[in-house]
Amino acid sequence: MPKFFMLKIEKSTALLELTINGAPLVLPSQQGNLDTGESLNIWIKPGDNLLNVYLTWPEGTPYQPGLAICKLRLESLEKGQRMGEAPPLVDFVWPIPASTAPSLPAVGSVPADPPAPTEYYPYEAAIHFDVVPTDAPPSRLWQEAMPISWNDLQKQIIIQRVSLLHKALDQKDIKALMKFLDFKAVDVGGAHYMAADAARQAQQEFFEYLFSLNEWGMEPLEPGNLDFHLLADDHILLVSGSGMAPALRSSNPSGPKFLLPVYFALIQDVWLIVR
């Protein structure tokens, strides 16, 4: 039975950094209120999974107890189900209700013993949840990704591949893009229960739409500003711009911006874009 892993995120005032198995979902730069849902199928793996929560108080805002909230609810839904109709895999509430505060460890400046207060900053939580293999979305990534031994040679290979991807986007080279992104298209599509051919076709149509926009182009790529982050126990490499900005950005002034973070993995000793 296909499973759809949906995360409901609500937060106000406090700055939230949220990752799933190391992959960023929400960054502290996303200030203000947030009320959204995220599909996590592409990041869910069989067995142990990890949500990391990090909350800080925004600089320049006078502290006021009870002003900030953060709620995270993760459910595994079957087709046709809505949020709230399945028992939660994760049900996190901040500030911590007083009745449960003693059972949760404090991280930061306040120790857990004696019992932690209901609200303090910074606050960090590592929330583990288990997904049985038969419920995990289908994906070659978690089965085939090899451990990454990061070094200068690997860095140069990745910079070259990101440069080629940037060139293909800038030149509207759909054939090259489809080759670069074939694993990503099929694996991401598979995690949402799409057939491989349908996933490839959807990706091609997406780029055809992007390239039909007036004044399409890419902002210059500056390899010296790229940052590299090992995720998922060193099995995935995220390439970002400085400050976790997307590595690749379109420059079309009159249309929607195209922002592309790039995730690599070593599959059968070959660097492939996987997300």
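**Figure 1. Surroundings of serine 250.** Leaving aside neighbours within four places in sequence, serine 250 is in contact with Trp216, Gly217, Met218, Glu219, Pro256, Lys257 and Phe258 (contact: heavy atoms within 4.5 Å). This is a predicted model: local features need pLDDT of at least 70, side-chain atom pairs count only at pLDDT 80 or more, and totals for chains, interfaces and linings use all residues. Residues are numbered from 1 along each chain as its sequence is written, and side-chain values use heavy atoms, with hydrogens and water left out. Serine 250 sits in the loop between strand 11 (248-249) and strand 12 (259-260) (strands: DSSP runs of E, at least two residues, numbered from the N terminus). Its relative accessibility is 0%, so serine 250 counts as buried (under 20% relative accessible area, 1.4 Å probe, protein chains only). A polar atom of the serine 250 side chain lies 2.8 Å from the backbone nitrogen of phenylalanine 258.

Figure 2. Four strands line up in the order 4-1-6-7, with antiparallel pairing (pairing: at least two DSSP bridges between two strands). Strand 4 (34-39) and strand 7 (88-94) are the edges, each pairing on one side only. Six bridges join strand 7 to strand 6 (residues 69-77). Lysine 71 stands opposite valine 93 of strand 7.

**Figure 3. Leucine 55 and its contacts.** Leaving aside neighbours within four places in sequence, leucine 55 is in contact with residues including Ala14, Leu15, Leu16, Cys70, Trp94 and Tyr123.

Definitions and conventions: Buried < 20%, exposed > 50% of the residue type's maximum accessible area, 1.4 Å probe, protein only. Polar contact = N/O pair within 3.5 Å; in protein donor to acceptor, adjacent residues only side chain to side chain.
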